[in-house]
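Please open the structure in your viewer and keep the selection tool at hand.

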Amino acid sequence: MWAILGLVLLADALDVIDGTVTNIAAPTIAHELHGGAGLIKWLGTAYLLAMGVLLVVGGRLGDKFGQRRLFLIGMSGFTLASAVAGLSPDPTLLIAARVAQGAFGALLIPQGMAIMMKAFSRDLLAKAFGLFGPVLGVSSVGGPVLAGFIISADLFGLSWRPIFLANVVLGIVGLVVAVRILPRDDGDRSTVVDGWGSGLLAATMVGLLYGLIEGSTNGWTGVPVASIIAGVLFFAAFAYRQRTATDPLITPSLLRNRGFTSGMLVGLTVFAAGTGLIFVLSLFMQEGLHASPRNAALGLVPLTVGIIVASFAIMAGLVAKLGRRLVVIGLAVVLAGCGWLLALVDQSVSLWALAPALFVTGIGTGLCFGTIPAVALGDAKPEEAGSASGSLSSLQQLASAIGSAAVTSIFFGAATAGLDHAMKVSLVVVLAVTALSLPVVALMPRKAPQEPAA
């Protein structure tokens with residue numbers, strides 16, 4: 001059982017690392033592949049987009065065809081896609097590889113939890129879940145720091161490429177272990193997977209994000225405008241599908257639940273703003289403050305340490321005690337941290353001077369990221385819990401993709417007046433979005449679910 005836990009933690013750590021590693025590596029990759037701002041915007045967005053669109057589908061496919069089979073397919077595909085990313089000679093192939101990484105990751109990640117639920121007793125499961133916060137917290141720090149040190153070391157003259165090629169070694173180890181220890185299961189072939197709903201959601205997100213990135217990079221011509229309009233139309237079709245499908249991706253009763261939909265709305269804005277802020281901070285440190293990738297990675301450590309501190313506070317039972325009040329506290333701390341950063345930012349500020357404000361921002365971000373999904377489930381019925389948690393997981397990935405694209409586009413759009421000005425504009429946007437989400441918190445459930453199984 002503990003070997004299974006180690007394998008699941010490895011898979012989740014790979015996902016977190018690959019979701020954050022380009023925060024530091026993006027400027028170097030774009031420079032060496034001559035990809036420009038467009039490549040910087042797509043590097044993280046492509047991965048998160050594919051992951052978010054397919055995450056719920058990956059869980060359903062595991063139920064249908066067996067978690068062991070989908071875990072092996074996901075790990076194999078993720079490993080191969082990582083090799084392609086590390087060897088990519090041009091931006092197009094690299095972005096395609098990032099999409100493949102996210103897609104296979106979406107097949108891989110949901111299976112781990114399902115396998116553990118079957119293999120572990122309830123008591124051992126609680127102990128095992130206690131390890132996820134620290135391991136994933138360390139991974140979120142380790143991704144950018146590892147990228148910074150690898151790029152600065154220029155191993156074998158490969159520059160940024162080892163940050164993806166390292167996944168090949170870890171992926172092969174994971175495959176060998178998975179083949180030996182994962183229990184066999186045939187799945188339930190009667191499980192229905194809503195392929196049409198997934199396709200419409202994918203078309204929605206691609207249309208909106210492509211239009212946003214293309215318009216902000218190359219001008220608001222007919223193509224990006226048409227892309228955004230198409231995304232809106234596809235979203236209308238997706239919403240109709242969720243109302244009429246026999247087995248929709250999102251249980252219709254959840255969409256009528258005010259507490260859950262409010263939590264979805266708050267989560268969308270907060271996850272997008274938080275992820276986008278972290279990305280542009282790394283850009284400002286490297287491009288505006290001329291920090292090396294290694295120093296920029298270390299400069300972001302206070303923010304990530306703040307997120308980890310908040311995660312330990314949440315594990316101590318604060319969500320159960322405070323409920324949605326903890327979301328308000330988290331948002332207030334984010335506002336304080338971002339306001340502090342706004343007062344400090346200019347092109348002569350040192351990374352050391354930014355550290356305390358980054359730490360405060362990290363605490364607020366961690367409180368929000370860890371609390372919003374739990375509180376949003378407060379009014380969900382037991383039979384809705386699976387669909388609700390899957391929807392929130394997908395929302396977090398999709399919001400991160402939107403935030404990476406939107407806030408980065410704002411940053412580059414304002415960069416003509418100086419990178420310190422661009423950073424200030426980005427912070428003002430994050431402050432505004434965070435402040436606007438505060439009144440919506442009052443519509444969320446007062447408490448998180450009290451029953452651990454939920």
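Select Gly-102, which is buried, with a relative accessible area of 0%; here buried means under 20% relative accessible area, exposed over 50% and partly exposed in between, with a 1.4 Å probe and protein chains only. The model is a predicted one, in which local features need pLDDT of at least 70 and side-chain atom pairs count only at pLDDT 80 or more, whereas totals for chains, interfaces and linings use all residues. Residues are numbered from 1 along each chain as its sequence is written, and side-chain values use heavy atoms, with hydrogens and water left out.

Gly-102 is part of helix H5 (residues 91-119); helices (H or I, at least four residues) are DSSP runs, numbered from the N terminus. Next, display the surroundings of Gly-102. Apart from neighbours within four places in sequence, Gly-102 is in contact with Tyr-47, Ala-50 and Met-51, where contact means heavy atoms within 4.5 Å. A distance label may then be drawn from Gly-102 to Ala-83: the two are 19 residues apart in sequence and 14 Å apart in space, C-alpha to C-alpha.

**Helices H4 and H8**

Ala-83 is also one of the H4 residues that make the contact with H8. Select helix H4 (residues 67-87) together with helix H8 (residues 162-181): they pack at an angle of about 160 degrees, with their axes 8 Å apart. Axes are lines fitted to C-alpha atoms, for helices over the stretch in contact, and angles run from 0 to 180 degrees between N-to-C directions. H4 is therefore roughly antiparallel to H8, a term for angles over 145 degrees. The crossing of H4 and H8 is left-handed, that is, the near helix is turned anticlockwise from the far one by less than a right angle.

To inspect this contact, show side chains on both helices. By class, the contact of H4 with H8 has 14 nonpolar, seven polar and one charged residues. In this classification Ala, Val, Leu, Ile, Met, Phe, Trp, Tyr, Cys and Pro count as nonpolar, Asp, Glu, Lys and Arg as charged, and the others, Gly among them, as polar.

Move to Ser-159, in the loop between helix H7 (132-153) and H8. Is Ser-159 buried or exposed? At 8% relative accessibility, Ser-159 counts as buried. Its side chain makes a polar contact with the side chain of Glu-32 at 2.7 Å. A polar contact is a pair of N or O atoms within 3.5 Å; within protein, one must be able to donate a hydrogen and the other to accept it, and residues adjacent in sequence count only if both atoms are side-chain atoms. Beyond four places in sequence, Ser-159 is in contact with Thr-28, Glu-32, Ile-150, Ile-151 and Asp-154.

**Two loop histidines**

Select His-34, in the loop between helix H2 (22-33) and helix H3 (36-65). Its phi is near 55 degrees, a positive value in a residue other than glycine, and His-34 is exposed, with a relative accessible area of 71%. Then select His-290, in the loop between helix H12 (258-288) and helix H13 (293-299). The phi of His-290 is near 60 degrees, again positive in a residue other than glycine, and His-290 counts as exposed at 65% relative accessibility.

Asn-257 lies in the loop between helix H11 (252-255) and H12 and counts as buried at 15% relative accessibility. A polar atom of the Asn-257 side chain lies 3.0 Å from the backbone nitrogen of Gly-259. With neighbours within four places in sequence left aside, Asn-257 is in contact with Asp-379 and Ala-380.

**Last stop: Ile-314**

Finish at Ile-314 in helix H14 (residues 301-322), which counts as buried at 16% relative accessibility. Not counting residues up to four places away in sequence, Ile-314 touches Val-319, Leu-326, Gly-366, Leu-367, Gly-370 and Thr-371.

Note on methods. Parallel < 35°, antiparallel > 145°, perpendicular 65-115°, else oblique.
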